[in-house]
Every structure is written in structure tokens, then in C-alpha cells.
Amino acid sequence: MTASLTFEHFDRALRPQDDLFRHVNGTWLRTAPIAPDRASAGGFVDLVEQAEKDVLALVSELPAGDASSDDGKIAGLYAAFMDTERIEALGGSPLQPLLAAIDAVDSPSAMARHLGWSLRHGLSPLVHLYEESDPGDPTRYAVFSSQGGLGLPDEAYYREDAHEEIRGKYLTHMARVFELAGLPDPAAQARAVMDLETAIAAHHWDRVRCRDLRAMYNPTSYDDVVAASPGFDWPAFLDGAGIPADTLSEVIVSQPSFLEGVAPLLESQPLESWRSWARWKAVNGLSPYLSSEFVEARFDFYERTLNGNEEQRPRWKRGIAFVEGVVGEAVGRAYVERHFRAESKQAMDVLVANLLAAYRESIEKLSWMTDETRAEALRKLEQFTPKVGYPVKWRDYSALVVTPDDLVASVLAANSFELDYTLSRIGGPVDRDEWQMFPQTVNAYYHPLRNEIVFPAAILQPPFFNADADDAVNYGAIGAVIGHEIGHGFDDKGSTCDGDGRLRDWWQPADREAFEALAGRLIAQYDGLVPEGVDGGSVNGELTVGENIGDLGGLGIAYRAWLLAGGNPDGEPIDGLTPAQRFFTGWAQAWRGKRRPEAMKVLLATDPHSPNEFRCNQIVRNLDAFYEAFDVSPDDALWLPEEERVTIW
């Protein structure tokens, strides 16, 4: 039992009543290094590193040669990526056919055709097209369009003063890469790209607005899409992408004003600026697969400058990531055969069942919810689909063509294969057995349009799940993760969909008003929090509210589920900690992690998750059980007056 908590990471000089996060993780936070090729460190990263090593071991043992089999594709892709001698010899020459094609673009229509080609081949298109469950009819796949075209992490980077230094370094980076590609006047081309991307970014929706599923649901006929975006030659775009027009008879336009605003730019902006932009998308998109000078230049900006990483990730790690990006489920099948324990799935099934039961009990007793909405919420809960470990069926990669001795050709072919897969499903029935993460991925998710919670095999390990740990620790860690994902079904975003995954307002007006008032109080708690060691930037309460609701409900419901499973808060202590204290210690231990200051600034600007220290400490401040477990008093730093504590679920 004692191995489930890592006491050597504790900082006994700090009291849990004042700072639970640093009490449990403080020694580790002070002494543990961040690997030079990483932007962060912690329990999560440790599992990612182990998963990479496990995948490397299995990939290294696969025989190459048969490019028609899944194993042959895995081996061939990895071998092509690792063939540095050939890659270095080629230098930037794989770019030449693409650059020549861009040079030949002589009109806005020709540019639209090239944009379609870029969509097919995954080179940062201006307009993304993808398939997903139709929020109006979640039994079928629909095609969605969404905004694209930027090279910086977010539209805010093009307009906010806080990112002025990054913009300058981005300009320098682009000029450097244009020069590596042998293109004339690299500084002027970089400036043209920056100006055009700034114009494109002006029409992007911000990240908070993109959380609104109702605002993003705009079913539109193809003819109306064309009419709403004058200046954009849609037939040429579809021709370049190889998409039959009838496939897009109806498009769910995620950000209508983006299409309306960007389309005229094809005619109002100089064609040479568009050609420079297209060159940049081609060179930047393929840089990871070119010679070391391109790879190093990309790393220098996107990793060292933006995230603070000191070193490039070893090539084998990048090779594994590349292979997983192309044939991830084929890798996952082999991973599961070697590394997933059946007893982990059995234990998770019990945990999930108890978490669902705890949510049911909580919803039945909510004081702020009317009976009509309560009945809908309980119905949605009954319809949750849990998925644990790995899919019951695997993706078919037989149509994917891999060219073992041509890395760039394989990259372009893989992106084209993905688009064809997307197109083949539009209008068809949703595959309920499909997963959107690989078993070897250290993460979990809730899908609002399918009302499912998914826990891949790789996350079912310490510090999140330990088959040898006492229940209190497991419920505080993986139990809270389960509760978090279930909670997404009832957060500001997930609560707009019903139990069938349909975008529908199932709330009584008074309930929605009460929910939004509670969420508003949580927004206010987080808004403006500044993580330790970061100069500039703070938590955006509106951007993070969904994840914060998930954390709050997740931990509170996990505690309730632990009690339902027989947990006794005042039971026999282990290592001097009561079971209730072990529950919250397990929670804090799961958040052991830190980021480089540069990476933290990117997280604060773009990520809907709060920094780990706030995910740990701010949540427990709202839970009465934490106060009882540690005898928290008004004199303690984590004390929050009862009237200010928020309970939603």
C-alpha cells in the first residue's frame, strides 16, 4: 500500500491546509529537472516517456519489407523517418515540385485550387474540412468547415501587445526558412506572410467563442456557402482537393464570419503575398521531414522560442510520433497485446460504475435543479458510454500506400489517405465503436456528440491508477479523472447536448440561469490567477471554465463514489494519513508537474486547462470534505468562506 504515495516528493515544511499541491509535490518541484527536450515534467510526462519506449521496442522488432501489411507499414514509415543519410542527401529538394507549382499560380482561382491541394495533403490549409457526428442528428456523420491559415498558436498572437516579441521572432524564423529553401528575398516574403496572416487572424473567432457549440452549429447548403464567400472559387478549391461537389451538399460552418471575411482577401490581397503564404505553408509543413537544417530551424522557433525547450527531441521519439500519427491504431493493437492488463479494465469498470452511481445520487439531490431538468440529466447519465483500454475493432489501413524509401511522398500520401477516409464517411452512420485516441495515448476524453467517456490503456498506471493502491488513493486520482470526463457531459459546453448527443436545449430556463450563475462564480475564482514563476499572463476564467467545472465535479463526485464503495474517511490511518487525507493526497499527487515559463505562457493564452497548481488547490478549496479531512480553519491559506464555495454537481 505505501508504494502508492511518493512521500519523498513531499515538502513537510508546507502544510496541506495552506498549499496542498506543494505539500505533496514540493520537494519534487524544487529538485526535478525538466528534460532538455521537453517543455514540462511530471507524472503525466513520465507515462508519455514510458509509452514512447514501449512503442519503440515493438516497432524495432517488426520486420520491414511487406508494405501491404500493417506491420510492414509501421516498419517502413519508421525506417524512412530514421534514414537520415538519405534525408540529408536530399536536403530541400523534395520541396521543389511544390514550389514550382506555387510559382505557376496566376490567379485567385488558381490559388483556390492550390488551397484545395493543400487541404488534401495536410499542409495547413486556409479552410479545414472534417467529418464528425452531426449535432442535429448524431446518428450520422456530417462535414464541418473551420478556420485555419495561421502559423502562430492563436489569433491573439497577431493582435495583442503581449506577443509583440514573438511576432518579431516569427518574422525572423520565416525569413531563415525561406532562405534555406533557396527562395529569393526571404525577408520580404516573410513580411508578406505576416501581413496576410494578420489579415486572416482578424477574422478568426477567439478560443472562448469557439467553446459555444450552439454558435458553431450552422448547417448551410453548398450554394449558400458559395454565396456567402464571394471571391473564393469553391469549384476550383474542390477540384484541387479532389472532392466531389455533391459531398458538400450541406456543410456545418463552424465560424461563418471567418469564411465571409477571408474569402475577399483572395482578391484584395496581392497574389504574390498569397504565393509567399503558400510557399510558407508548404515549407513549414514539410520541415520535420527534410534535412537537419530545416528541422533545427523549426525546433528553434516552435519549441525553443515558444516553449523554452533546450534540445530537440531525439529522432527516434519524433519517428515514433510520426508513425503513430499515420497508423496509430495499428501501433495500438500491438501495444495492447504487450502492455495492457485485463485486471486494469475490470477495476476501471467498477470505478466507472461507482462514479456514475455517485453522479446519479448527486443529481437526484441537487437543490438548484427543477424536476424537469433533473429527469433529462438522469436520462443523459444513463446513456453514457464508457470505453476503457482499447477499441473493440481496429482501423483498416489497407488503402494506405507507404513508400519506404521516400519519406515526403509517404507523408503526403498519408494525409491524402486521411482525407479520403473523411470523405467516405460523410452522410453515413456514426461508428459507435470508433475511438478518437490511441490506446498508447496518455489521456482521456469526453465526446459531447456521442455522450461517451474514453480512457486509453496508457493512462491506467500510477500516478493515476495503481492496482496495488488502497481505494482512497485510486479514487482521488483516476476516480477524479473519470469524474472529470463524466462532468464534461454537464459543463458549459457538454450540457448543450442531450443523452443522444443531440444539440438541444433540455434545460428549464431557471436551471440554466442557476447553472450559469454557479459557473460565473467559478470563472471569477480562476480569472486572473498567476502561476508561480511566470512573468506575464494569467488564467482566463472563461476559457478554462469547462475544464474547471470538470475538475470540481470530478473530485467531488469521486469522493462521493469512494464513500459509496465503502470508503471510511476516519478509518485506520496508513503512514500517518487517514483515508480521507489519502484521497486528497492521491488527487494532489496526480497533478505533480511543472512547465517551463515560456510553455506556461502559451498554455495561459491557448489552453482550456488551468495550470496544475490551480487544478489541485483551487478545487479543494470548494469541497467541504477537504476541510474536514485536514481540519482547515479560517487562518489557513486554502480556506474559502462557505458562502463563496461552489458546488455544481
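Angles under 35 degrees count as roughly parallel, over 145 as roughly antiparallel, 65 to 115 as roughly perpendicular and the rest as oblique. They run from 0 to 180 degrees between N-to-C directions, with axes fitted as lines to C-alpha atoms, for helices over the stretch in contact. The model is predicted: local features need pLDDT of at least 70, side-chain atom pairs count only at pLDDT 80 or more, and totals for chains, interfaces and linings use all residues. Residues are numbered from 1 along each chain as its sequence is written, and side-chain values use heavy atoms, without hydrogens and water.

Helices (H or I, at least four residues) are DSSP runs, numbered from the N terminus. Helix α1 (residues 20-31) packs with helix α25 (residues 612-620) at an angle of about 140°, and their axes are 8 Å apart. α1 and α25 are therefore oblique to each other. In their contact (heavy atoms within 4.5 Å), α1 places Leu20, Phe21 and Arg22 against Asn612, Glu613, Cys616, Asn617 and Val620 of α25. Four residues of this contact of α1 with α25 are nonpolar, two polar and two charged. Here Ala, Val, Leu, Ile, Met, Phe, Trp, Tyr, Cys and Pro count as nonpolar, Asp, Glu, Lys and Arg as charged, and the others, Gly among them, as polar.

Helices α17 (residues 342-365) and α22 (residues 541-564) pack at about 105°, with axes 8 Å apart. α17 and α22 are therefore roughly perpendicular to each other. Among the residues in contact are Tyr359 and Glu361 of α17 and Ile557 and Arg560 of α22. By class, the contact of α17 with α22 has eight nonpolar, four polar and two charged residues.

How values were computed
Helices (H or I, at least four residues) and strands (E, at least two) are DSSP runs, numbered from the N terminus.
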